[in-house]
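Take a look at the model below, then try each task before reading its solution.

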Amino acid sequence: MTSGASETQAARPLLAGRRALVTGASSGIGFAVARGLAAAGAAVAVNYHSHGEAAEGLAEEIRAAGGKAVALKADVSKEDDVAGLVDRTVAEFGGLDVLVANSGIQKDAPVGEMTLADWNAVISLNLTGQFLCCREAIRAFRAGPERQGGARGSIVCMSSVHELIPWAGHVNYAAAKGGVRMMMQTLAQEMAPERVRVNAIAPGAIRTPINKEAWGTPEALEKLLHLIPYGRIGEPEDVARAATWLASDEADYVTGVTLFVDGGMSLYPGFVGNG
Ligand code: NAD
């Protein structure tokens, strides 16, 4: 340790003084991310579309622990809702520094039976919704001051291992996540000169409501574990820790990257002993 100043800096929570918006934060990964960012010192806008009581409960929990939080309802597939969501976050906290674009759904079907409505619903939320959130966040970052020692704003897009791994029976979802990857990289390239970082997280199988049929019974879990070299299902907190780091100045030189948080799912475990 060289000085008292660096000791003070080391003790400072990773996101102290930062203002964050997490979409789809009333359940699953978004809930854990919002809670994790708040524990790291950020003021957090907890967006929800349904289950408002869970979002309000989380915001109350954060405030009771001495943090700053507000629960905000919005459908992030709708342009006006997203603009209003970011405006309300800025009005509440005086600015925005971090976006975690997390909301997502699945509407699965074999291609011959997939309706246009199911295709559009997934693309509208999982891809277009992320674009709308990124665009509005970037506008809010630009309205804020330059920062010494860190990015002006940081975006974390919630992608999936299916930005890489094709997924039969889920063409709408895999196409949206593949789109998120290229959107993220393009925005990272475009925004780096303005000191805005844009990254993604690709979760593998995480224990949340979206994929309960994959882990909800011992048989299903056993089958799932064949796809996970690390030998356990992921928990939302695994993703929350990664998001907290990516959003923070600790990751200041990291942009345009997808961080896989998947216990090795993307390492082609089917090839172990085969091929
Ligand atoms: P989840 O169903 O618990 O969370 C999805 C969230 O999105 C919910 O809070 C839901 O209310 C919200 N949402 C749905 N429609 C919305 C809308 N129109 N506007 C705003 N919010 C809306 O599932 P999850 O697993 O926590 O999923 C979160 C993200 O993680 C998704 O983008 C998902 O694709 C991604 N992901 C999850 C896994 C996994 O294994 N659980 C793996 C890879 C990627």
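A residue is called buried under 20% relative accessible area, exposed over 50%, and partly exposed in between. Keep in mind that this is a predicted model.

**Exercise 1.** Find out where Glu60 falls: buried, partly exposed or exposed. Then describe its pairing with Arg63.

Solution. 
- Step 1: Glu60 has a relative accessible area of 43%, so it is partly exposed.
- Step 2: Arg63, at 36%, is partly exposed too.
- Step 3: The two form a salt bridge, with their closest N and O atoms 3.0 Å apart.
- Step 4: Both residues sit in helix 3 (residues 52–64), three residues apart, which is about one turn of the helix.

**Exercise 2.** Work out which parts of the chain are tied together by Arg135 and Glu79.

Solution. 
- Step 1: A salt bridge joins Arg135 to Glu79, the closest N and O atoms being 2.9 Å apart.
- Step 2: Arg135 belongs to helix 5 (residues 116–143) and Glu79 to helix 4 (residues 79–93), so the pair ties together parts that are 56 residues apart in sequence.
- Step 3: Glu136 and Arg139 join Glu79 and Arg135 in a network of salt bridges.

**Exercise 3.** Locate Asp249 and Arg147, and explain what their pairing connects.

Solution. 
- Step 1: Their side chains meet in a salt bridge of 2.8 Å, N to O.
- Step 2: Asp249 lies in the loop between helix 9 (236–247) and strand 7 (258–261), and Arg147 in the loop between helix 5 and strand 5 (153–158), so the bridge ties together parts 102 residues apart in sequence.
- Step 3: Asp249 is partly exposed at 30%, and Arg147 is partly exposed at 22%.

Key: Residues are numbered from 1 along each chain as its sequence is written. This is a predicted model: local features need pLDDT of at least 70, side-chain atom pairs count only at pLDDT 80 or more; totals for chains, interfaces and linings use all residues. Side-chain values use heavy atoms; hydrogens and water are left out. A salt bridge is a side-chain nitrogen of Lys or Arg within 4 Å of a carboxyl oxygen of Asp or Glu. Helices (H or I, at least four residues) and strands (E, at least two) are DSSP runs, numbered from the N terminus. Buried means under 20% relative accessible area, exposed over 50%, partly exposed in between (1.4 Å probe, protein chains only).
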